[in-house]
Amino acid sequence: MADKKAILTVPGLDENIELPIYSGTVGPDVVDVRGLTSKGLFTYDPGFVSTAACESAITYIDGGKGVLLHRGYPIEQLAKHSHYLELCYLLLNGELPTPEEEEKFENTITHHTMVHEQLLQFYKGFRRDAHPMAILCGVVGALSAFYHDSLDINNPRDREVSAFRLIAKMPTMAAMCYKYSVGQPFIYPKNDLNYAENFLHMMFSTPCGDYQPNPVLSKAMDRIFMLHADHEQNASTSTVRLTGSTGANPFACIAAGIAALWGPSHGGANEAVLTMLDEIGEDSEENIQHFISRAKDKNDPFRLMGFGHRVYRNFDPRAKVMKETCDEVLKELGLENDPQLHIAKRLEEIALSDEYFIERQLYPNVDFYSGIILKAIGIPTNMFTVIFALSRTVGWISHWKEMVSGDNKIGRPRQLYTGHDVRDYPAK
Ligand code: ACO
């Protein structure tokens, strides 16, 4: 119960309104405004800048200090000592697995990686030049038509099985999007490879020859999965929660999350970084300065992609780890002198020393470096957001599971109505 209260005085109301204040483990207190409706008032917060839409124990972010904790563990420590599947277990279950639990979990995920053979027909219905995110939205939503046996959202075992299926099948479905777009046969998963290696195998092997995963690149891939695994109540996670609050099945909810992630202000940013670097084109100081000026010009809609974040106002802790991984990958591949990479580094240097960016606290975010790494690994630009969706699936499903297992109420925001008051339909 709340032992602190906020007092709200509203012109025209005889008495003050008392609003309970709750404290979380860390982070800002929240004012419970639910009682306002009965007083004829709503709160107004477009963009949810000051709204805590739910209670959650999964991920904590302190944007001012550049802190990101999953179940209490700092992302830097997880990135250094853990790996993606262990993080998946942690996000889903709240604690790190024991060695036995880890082995069982990895075995379960590995044995759910194949997709129903009939799903292949869905891919074949798309144009070859369809954006892979369009295909992914469709096929993930379609999973609900295949796995009727795990759709009872009120059954904890069904919820668990759906989570396993989604985490396991996302790399297979993501790689299939790529294979379809280049006209190559789909490659089946291999049970002796780890999660990241398996994804690279399904992306780059062909029936004529197996791709041998390079350990540096597989590790980088695993890092990319980890650094995108969850990020509190961002736009796509909130979309998953809102969709799930209606009782929709988990596959439909994740498809909704994928759609929300697609936008360039969210997950589409890593693709937008590479498009921006292409647009900048020639690696010359004059060219780079021209684009910096455009980013600062209020009459130009151009923004420096991969810079800025709604929550991080100091630095993005994921970007720090990603930068290190970026250097490792480029060294391994001998790409340290890549001209596009040089443009990226120069943009970063200028932005970090330019008053415009400093004043507005605009730092490189995770997507600035992830795009460069993915390009170096040989992944086409239009697959970048698909990889983000693959990685974030565990975050989405963990939030969905947390919400559905708790005291869930359908999400139903209200509005400040500014349209016409009632008026009569004109006589004809
Ligand atoms: N380039 C140039 N100026 C910028 C940028 C940028 N990338 N980002 C913000 N600004 C400026 C705004 O124009 C605004 O300036 P003003 O105060 O003079 O009007 C100020 O900084 C504040 O920006 P807002 O748009 O109010 O910040 P908001 O929190 O709403 O937006 C966002 C955050 C969407 C991420 C924004 O910084 C952006 O568009 N960045 C580029 C896209 C990007 O990289 N997105 C990835 C986010 S990370 C993720 O989803 C994993």
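Two strands pair if DSSP finds at least two bridges between them. The views below come from a predicted model.

**View 1. An open sheet of 3 strands, in the order E1-E2-E3.** The pairing is antiparallel. Strands of a sheet pair through backbone hydrogen bonds, either parallel or antiparallel. E1 (4-8) and E3 (30-31) stand at the edges. Each has a single partner strand, so one side of each lacks a neighbour in the sheet.

**View 2. The pairing of E1 with E2 (residues 17-22).** The two strands run antiparallel and are joined by 5 bridges. Lys4 stands opposite Ile21 in E2.

**View 3. Packing of helix H10 (residues 250-261) against helix H17 (residues 384-405).** The helices pack at an angle of about 135°, and their axes are 10 Å apart. Angles over 145 degrees would count as roughly antiparallel, and 65 to 115 as roughly perpendicular. H10 and H17 are therefore oblique to each other. Their crossing is right-handed.

**View 4. The contact of H10 with H17.** H10 contributes Pro250, Cys253, Ile254, Gly257, Ile258 and Leu261. From H17 come Thr385, Phe388, Ala389, Thr393, Trp396, Ile397 and Trp400. By class, the residues of this contact divide into 10 nonpolar and 3 polar, with no charged residue.

View 5. His309 lies in the loop between helix H12 (285-296) and helix H13 (317-332).

Technical notes
Residues numbered from 1 in each chain as written. Predicted model: local features only at pLDDT ≥ 70, side-chain atom pairs only at ≥ 80, totals over all residues. Heavy atoms only, no water. Axes fitted to C-alpha atoms, helices over the stretch in contact; angles between N-to-C directions. Helix = DSSP H or I, 4+ residues; strand = E, 2+ residues; numbered from the N terminus. Parallel < 35°, antiparallel > 145°, perpendicular 65-115°, else oblique. Left-handed = near helix turned anticlockwise from the far one by under 90°. Contact = heavy atoms within 4.5 Å. Nonpolar A, V, L, I, M, F, W, Y, C, P; charged D, E, K, R; others polar.
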